[in-house]
Amino acid sequence: MTATTRIGVTGATGRMGREVIAAVADRDDCEVAFAVNREPDGETVDGIAVDPASEFGSLLAAHEPQAVIDFTGPESATEYVRACADAKVAFVTGTTGFDDDQLAALEDAAGEIPVLRAPNFARGVQALVNVIGDAVKSLPGYDVELVETHHNAKRDAPSGTANRLLSEIEANGEFSGRAHGREGEAPREAGEIGVHALRAGDITGEHEILLAGNHEEVRLTHRAEDRGVFAAGAVDAAAWIAGQKAGSYDFADVIDE
Ligand SMILES: NC(=O)C1=CN([C@@H]2O[C@H](COP(=O)(O)OP(=O)(O)OC[C@H]3O[C@@H](n4cnc5c(N)ncnc54)[C@H](OP(=O)(O)O)[C@@H]3O)[C@@H](O)[C@H]2O)C=CC1
Ligand SMILES: O=C(O)C1=N[C@H](C(=O)O)C[C@H](O)C1
């Protein structure tokens, strides 16, 4: 008999929180231990009662989940990870837009519990992260432009995924800096990476990297067609992290195992 991973869900009434609860229900080896949101109004999601975030600490103590899955905002994720560290519960976050202090808080917690942070839980994006460095290395001197497109309620720009891809690109080529959007009269500077964030409608999430030079172009595109893809990856991560020791992990650790 496989052990059941009991999962606490934050941001439960948000776009991703709802998907996470549905993804947990799709699996035989996981269950929702509890769900919270900032100020729920007696809501339920898929029959699960959503409690106020102010009760998070006492819910951890009462339900003893093996992991928490968080898709909220950087400030609240930082508060949740501290409470998880105090309760010795593993923490998986897909939240993006962390500043350096918030990233340091996640690192601190990772000294006490397993913490997995991934800006994108789609397996296709992980594949893109794996190959983009080689593509850039193979095409030195080519112009690189990144375009990410998301729904009109997304707060952070560029997306967390874009930042992750940009780190890989920068680590594998000679670039002078990032140019965010463009206007005015100057031509493109050699060595800059163009970065463009589009926000429109309910687009789930698209990332495209264009490499152009030598009278040719290469376009590497990932398009998420459904948020369920991200949620399924996050639940895979929670099931995996429950057995890990304290430390910082990313989605590649889950996929590579
Ligand atoms: N890693 C990945 O694969 C993916 C990552 N994301 C990231 O996940 C995050 C959430 O995205 P999404 O679900 O679309 O956003 P939503 O705004 O739809 O949901 C966020 C939820 O978190 C709650 N929340 C926000 N701030 C707080 C707080 N301070 N305390 C308690 N609860 C809070 C919100 O509550 P309220 O309703 O009260 O505002 C809301 O229910 C974003 O950072 C996004 O970039 C998104 C998709 C995939
Ligand atoms: O906010 C979103 O919706 C998404 N956010 C993540 C990001 O910032 O990269 C992942 C995905 O693209 C959807």
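**Strands, helices and one buried glutamine**

Mentor: In this predicted model, strand S1 (residues 5-9) and strand S2 (residues 30-37) run parallel and are joined by five bridges.

Trainee: What makes S1 and S2 a pair?

Mentor: Two strands pair if there are at least two bridges between them. S1 and S2 have five bridges, so they pair.

Trainee: Which strands does helix H3 touch?

Mentor: Helix H3 (residues 74-87) touches S2, S5, strand S6 (90-93) and strand S7 (114-117). The direction of H3 makes about 165 degrees with that of S6.

Trainee: What is the strand order in the open sheet?

Mentor: The eight strands follow the order S3-S4-S2-S1-S5-S6-S7-S13, with mixed pairing. Strand S3 (44-45) and strand S13 (247-249) are at the edges; each has a single partner strand, so one side of each has no neighbour in the sheet.

Trainee: Why is Gln 126 called buried?

Mentor: Buried means under 20% relative accessible area. Gln 126 has 11%, so Gln 126 is buried. Gln 126 lies in helix H5 (residues 123-138).

Trainee: Which residues is Gln 126 in contact with, leaving aside neighbours within four places in sequence?

Mentor: Gln 126 is in contact with Phe 251, Ala 252 and Ile 255.

Notes. Residues numbered from 1 in each chain as written. Chains lettered and ligands numbered in written order. Predicted model: local features only at pLDDT ≥ 70, side-chain atom pairs only at ≥ 80, totals over all residues. Heavy atoms only, no water. Helix = DSSP H or I, 4+ residues; strand = E, 2+ residues; numbered from the N terminus. Buried < 20%, exposed > 50% of the residue type's maximum accessible area, 1.4 Å probe, protein only. Contact = heavy atoms within 4.5 Å. Axes fitted to C-alpha atoms, helices over the stretch in contact; angles between N-to-C directions.
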